[in-house]
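Please look through the structure shown here with the sequence beside it.

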Amino acid sequence: MAEEKINKPADPNNLTEGEKKHIPIINVPETIVAGEPFDVTVEVGIIPHVMEEKHHIEWIELYLNDKKIGKAELSLENKKAEATFTVEADKSLAGEESKLRALENCNIHGLWEEFMTIKMS
């Protein structure tokens, strides 16, 4: 089975209308301390994605340095296409750059991902 294509913006500085509705937006606290849990909220779209039967976000996943933090299955009861994950980063990551990766699946437009580099104190 072939791996499904992951959509990314062609030009991150000039997003299309479709990209603005599908790019995962990663929100982290201003200060992150390694070894202490912190919440990361992933919202789908700079322009909020619809959550209708015919067109909706099915799920959102979050990874820290390629380790899966969690997967949120969304339903049509979710008024917003977003999920919050609690991340517990090891103390050994203090002072190091780490990568957050958000992945989401639209029932019509497929997989979309976004990355964010964070530094923990």
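A charge sits over a ring if NZ of Lys or CZ of Arg is within 6 Å of the ring centre and within 35 degrees of the ring normal. Lys71 meets this definition with Trp59: Lys71 lies over the face of that ring, at 4.5 Å from the ring centre. The charged end of Arg101 likewise sits over the ring of Tyr63, 5.1 Å from its centre. Rings of Phe, Tyr and Trp (its six-membered ring) can also pair with each other, which requires centres within 6.5 Å; planes under 30 degrees apart count as stacked, over 60 as edge-to-face and the rest as tilted. A search of the whole structure finds zero such aromatic pairs.

The model is predicted: local features need pLDDT of at least 70, side-chain atom pairs count only at pLDDT 80 or more, and totals for chains, interfaces and linings use all residues. Residues are numbered from 1 along each chain as its sequence is written, and side-chain values use heavy atoms, with hydrogens and water left out. pLDDT is the predictor's confidence in each residue, from 0 to 100. The chain has a mean pLDDT of 93, and 98% of its residues reach 70 or more. Confidence is lowest in β1, at a mean of 92, and highest in β4, at 98.

Next come the strands. Helices (H or I, at least four residues) and strands (E, at least two) are DSSP runs, numbered from the N terminus, and two strands pair if DSSP finds at least two bridges between them. Strands of a sheet pair through backbone hydrogen bonds, either parallel or antiparallel. An open sheet of five strands runs in the order β1-β8-β7-β4-β5, and its pairing is mixed. Its edge strands are β1 (6-7) and β5, each of which pairs on one side only.

Which residues make up β4 and β5, and how do the two strands pair? Strand β4 covers residues 57-64 and strand β5 covers residues 67-73; they pair in the antiparallel sense over six bridges. Trp59, the residue under Lys71, stands opposite Glu73 in β5. The hairpin of β4 and β5 has two residues between the strands, and Asn65 there takes a positive phi near 50°. Strand β7 (residues 97-106) and strand β8 (residues 110-119) also pair in the antiparallel sense, over 10 bridges. In this pair, Arg101 stands opposite Phe115 in β8.

UniProt, in an unreviewed entry, lists residues 16-114 as "domain: Desulfoferrodoxin ferrous iron-binding". UniProt positions are given in the numbering used here, feature names are shortened, and annotations may be inferred rather than shown by experiment. Over residues 16-114 the chain is 6% helix and 47% strand, with the end C-alpha atoms 15 Å apart.

Side chains of opposite charge can pair when their charged atoms come close. A salt bridge is a side-chain nitrogen of Lys or Arg within 4 Å of a carboxyl oxygen of Asp or Glu, and the structure holds seven of them. One joins Glu61 and Lys71, at 3.9 Å from N to O. For accessibility, buried means under 20% relative accessible area, exposed over 50% and partly exposed in between (1.4 Å probe, protein chains only). Glu61 counts as buried because its relative accessibility is 6%, whereas Lys71 is partly exposed at 37%. Glu61 and Lys71 also belong to a network of salt bridges that links them with Lys68 and Glu73.

Arg101, whose charged end sits over Tyr63, forms a salt bridge with Glu113, the closest N and O atoms being 2.7 Å apart. This pair links distant parts of the chain, with Arg101 in strand β7 and Glu113 in strand β8, 12 residues apart. Arg101 counts as buried at 18% relative accessibility, and Glu113 counts as buried at 5%. Lys80 and Glu82 meet in another salt bridge, at 3.5 Å from N to O. Here Lys80 is partly exposed, with a relative accessible area of 46%, and Glu82 is partly exposed, with 28%.

The loop between β3 (38-44) and β4 contains Lys54. Is Lys54 buried or exposed? Lys54 counts as exposed because its relative accessibility is 74%.
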